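Welcome! Open the viewer, keep the sequence beside it, and try each exercise yourself before reading the solution.

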Amino acid sequence: MGLVCRLLEERGIATTYVATGRDLTALVKPPRALFVNHPMGNNFGRPGDVKMQADILRTALGLVHSVEEGGALVDYPSDWGEPFEFRPGGNRVEAVSAG
Amino acid sequence: MLPGERMKEPIRYVDALNDYYGAMGNPPYKWTVNETAPLHRLDKPLSECRVSLLTSGGVSQCAMPAFNPDARNDHRLDSISRDAAVDDFQIHDSYYDHTDAEADINCVFPLARLRELAASGEIGSLAEHFWSGFMGRIYNRSKVLEESGPAFAERLEDERVDILVAAPS
């Protein structure tokens with residue numbers, strides 16, 4: 001999807017990318033990216049958290065005018081509040097036990 | 001998050017995926033590595049921009065077929081009306097935990113939030129359609145660059161989209 005954003009940008013459509021994988025995003029380098037340190041599938045936060053969903057969306061849209069060089073990767077200041085992990089190939093990503 | 005509080009270390013997906021697919025006997029995956037990126041500057045404010053939305057999270061409307069949750073090289077791209085009901089979606093993707101997104105589609109595809117920004121005038125307007133496609137695990141990247149990507153660009157140009165919000169999962 002980062003490749004698609006790069007292609008659109010070259011054709012004159014501005015893109016802003018809201019990612020939960022910081023290292024993956026840094027490799028493909030979409031024109032503007034907001035890294036949200038949440039589990040994959042919670043790019044915009046938790047169910048029903050309208051305030052956070054709107055804030056992440058608004059922050060991503062703000063990058064359209066604030067970013068001055070392609071490939072910007074901005075960290076959204078959010079803490080998921082509990083540990084999480086990624087299990088490729090499984091459709092359940094269960095929280096690891098704390099400690 | 002409190003000021004000065006350190007953000008938790010991000011998950012290292014590249015290492016996790018290399019280990020996972022390597023253990024299955026696959027050759028090392030050739031990650032796309034770009035050193036620079038294009039940037040198109042807009043000369044008008046957000047309040048005059050037309051915005052669309054793209055998810056790669058295996059999201060489809062209930063009347064449509066499900067996405068293949070284990071897809072490889074699936075270039076399917078669904079157009080979704082900007083007025084679609086938030087409870088009219090299904091998610092099929094074995095790559096991530098979509099429990100929360102099933103409870104509230106705005107977790108991955110914030111169409112209700114984008115509609116609110118249009119209603120309040122923060123953004124100029126909504127494109128006629130939002131989009132779901134370009135699921136992960138596309139190995140034939142040249143097809144994205146030469147076929148499915150440009151075809152998508154034409155659809156956005158037809159709807160005079162200024163900004164695309166893209167959320168991978």
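**Exercise 1. Classify A:Glu82 as buried, partly exposed or exposed, then find its salt-bridge partner.**

Solution. Keep in mind that this is a predicted model.

Step 1. The relative accessible area of A:Glu82 is 36%. Buried would need a value under 20%, and exposed a value over 50%. A:Glu82 is therefore partly exposed.

Step 2. Now look for the partner: A:Glu82 meets the side chain of A:Arg46 in a salt bridge, with 3.4 Å from N to O.

Step 3. A:Arg46 sits in the loop between strand E2 (32–35) and H3 of chain A, while A:Glu82 belongs to the segment after E3 of that chain. The two are 36 residues apart, so this pair links distant parts of the chain.

Step 4. Check A:Arg46 too: its relative accessibility is 31%, so A:Arg46 also counts as partly exposed.

**Exercise 2. Which parts of chain A does the salt bridge between A:Arg22 and A:Asp75 link?**

Solution. Step 1. Start with the distance: the closest N and O atoms of A:Arg22 and A:Asp75 are 2.9 Å apart.

Step 1. Next, locate the ends. A:Arg22 is in helix H2 (residues 22–28) and A:Asp75 in strand E3 (residues 72–75), 53 residues apart.

Step 2. Finally, read the accessibilities. A:Arg22, at 27%, is partly exposed, and A:Asp75, at 36%, is partly exposed as well.

**Exercise 3. Explain why the salt bridge between A:Arg11 and B:Glu157 joins two chains.**

Solution. Step 1. The closest N and O atoms of A:Arg11 and B:Glu157 are 3.1 Å apart.

Step 1. A:Arg11 lies in the loop between helix H1 (2–10) and strand E1 (14–19) of chain A, and B:Glu157 lies in helix H4 (residues 141–158) of chain B, so the pair joins two chains.

Step 2. For context, the count over all chains is nine salt bridges.

**Exercise 4. Find the largest nonpolar core and say which element gives it the largest share.**

Solution. Step 1. The largest nonpolar core has 48 residues, and A:Leu61, B:Phe109 and B:Leu114 have the most contacts inside it.

Step 1. List the elements giving two or more residues to this core: E1 and H3 from chain A, and helix H1 (13–23), E1, E4, H3 and strand E7 (163–167) from chain B. The largest share, six residues, comes from H3(A).

Step 2. Zoom in on A:Leu61. Leaving out residues up to four places away in sequence, A:Leu61 touches several residues, among them A:Thr16, B:Val51, B:Leu114 and B:Ile163.

Step 3. A second, separate core has 21 residues, including A:Leu8 and B:Phe134.

**Exercise 5. Which residues of helix H3 (residues 111–119) of chain B are buried, and what do they pack against?**

Solution. Step 1. The buried residues are B:Leu111, B:Ala112, B:Arg113, B:Leu114, B:Leu117 and B:Ala118.

Step 1. These buried residues pack against helix H3 (50–66) of chain A, and also against E1, strand E4 (89–91), strand E5 (125–126) and strand E6 (129–133) of chain B.

**Exercise 6. Is B:Thr55 buried or exposed?**

Solution. Step 1. Find B:Thr55 in strand E1 (residues 50–55) of chain B.

Step 1. Its relative accessible area is 0%, so B:Thr55 is buried.

Step 2. Beyond its neighbours within four places in sequence, B:Thr55 has contacts that include A:Met1, B:Phe109 and B:Trp131.

Key: Residues numbered from 1 in each chain as written. Chains lettered and ligands numbered in written order. Predicted model: local features only at pLDDT ≥ 70, side-chain atom pairs only at ≥ 80, totals over all residues. Heavy atoms only, no water. Helix = DSSP H or I, 4+ residues; strand = E, 2+ residues; numbered from the N terminus. Buried < 20%, exposed > 50% of the residue type's maximum accessible area, 1.4 Å probe, protein only. Contact = heavy atoms within 4.5 Å. Salt bridge = Lys/Arg side-chain N within 4 Å of Asp/Glu carboxyl O. Core = buried A, V, L, I, M, F, W, Y, C linked by side-chain atoms within 4.5 Å.
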